[in-house]
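These are my notebook entries on one model, set down in the order in which I looked things up.

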Amino acid sequence: MTPVQPPATAGGSDTLKTQPPKPKSKSILGKLSPALARIVTAAVLLPILIASIIFPALSLLFVLLTVVAMIVALVEFWLLARKQQIRADAAAGLLSAAALCTVFYFTEPGRLPDLLMIQLILILLTIGSLVAAMLRGAPFDRMITAAGVTVLGVMYIVLLGGHMIALRVGFAPQLSKHLLSFFFLVIMGADAAAYYGGRAFGKHKLAPTISPGKTWEGAVAGMLASLLLAMAAHYWFFPELPTKLALPLAAVMNVVSVIGDLTESALKRSAGVKDTATILPGHGGVLDRIDSLLFNAPVIYYFARSYFKF
């Protein structure tokens, strides 16, 4: 019996040729330069953030934006760990994150008994992470790192960043608006000045083994911008904060911002990636965008608590 031959293709060949996949077309933002995409992204998101700060009726919107940003950043942090074969316990981490956000929203985290509530949450998180890693079973040689990544992610992102929630709801509406406006104006303005100043004038590397793109010239531009913006904030909308305090506070926040940025860069370098994600064109991931805010949130919160509330 003669075997049936497969039908020939239209081109006369007896074998089907696999067509190469068509390259995906880039989005409009993907076609822009990183610097321009950075501006476009900020132009879209900043009005929403500003409105949530200025209008008291939108305080819940600010809280929601902060919570979403922290959760996304937390997931990005855990994905960095996964690149190193370390698996965090998402259930324990997210439950603890939700509990911390609740504390920051309804209480004053710097005072008793609220401080004890935060302490209790972190204790339960530590125990729960260790138990979850134990129940997961082999390989047990990753148990310490798995539990450590779970706890560190929550403490790094939610424990620090949650102070922004307390800053929004824990003070009088007018004072809260001024504090948050000063906070974002100084940090984001300094960050933009450091970025564009470094691109224009940067020659001397700030920390080449951690973040090759950062320069001393950019750092100086960022510091100058933070001081100028702090002075402008005093005369523009925040006369309650005297310049003798506004300028040192801005300088400290700028240094803390650089440290927070370099710390997050070191985390990315340990995972072998440039950005934590690509969700924000021109900025990378959410964690890339809020790293300096996380380190500074407790700074301005406890300053405000000590200066404006005795």
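Is the crossing of helix 3 and helix 5 left-handed or right-handed? I find it right-handed, where right-handed means that the near helix is turned clockwise from the far one by less than a right angle, and left-handed that it is turned anticlockwise.

Before going on, I note that this is a predicted model, in which local features need pLDDT of at least 70 and side-chain atom pairs count only at pLDDT 80 or more, while totals for chains, interfaces and linings use all residues. Residues are numbered from 1 along each chain as its sequence is written, and side-chain values use heavy atoms, with hydrogens and water left out.

**Entry: the helix pair.** I looked up the packing of helix 3 (residues 90-106) against helix 5 (residues 143-169), and found an angle of about 20° with the axes 8 Å apart. Helices here are DSSP runs of H or I with at least four residues, numbered from the N terminus; axes are lines fitted to C-alpha atoms over the stretch in contact, with angles from 0 to 180 degrees between N-to-C directions. The two helices are therefore roughly parallel to each other, a term for angles under 35 degrees. On the helix 3 side the contact (heavy atoms within 4.5 Å) includes G93, S96 and F104, and on the helix 5 side V154, G162 and H163 are among the residues involved. By class I noted 11 nonpolar, five polar and no charged residues, with Ala, Val, Leu, Ile, Met, Phe, Trp, Tyr, Cys and Pro taken as nonpolar, Asp, Glu, Lys and Arg as charged, and the others, Gly among them, as polar.

**Entry: S96.** I then checked S96, which is buried at a relative accessible area of 8% (buried is under 20%, exposed over 50%, partly exposed in between, with a 1.4 Å probe and protein chains only). Leaving aside neighbours within four places in sequence, S96 touches I121, L125 and V154.

**Entry: salt bridges.** I found five salt bridges in the structure, each a side-chain nitrogen of Lys or Arg within 4 Å of a carboxyl oxygen of Asp or Glu. D89 and R136 meet at 3.4 Å, N to O; D89 lies in the loop between helix 2 and helix 3 and R136 in helix 4, so the pair ties together parts 47 residues apart in sequence. D89 is buried at 16%, whereas R136 is partly exposed at 32%.

Definitions and conventions:
Parallel < 35°, antiparallel > 145°, perpendicular 65-115°, else oblique.
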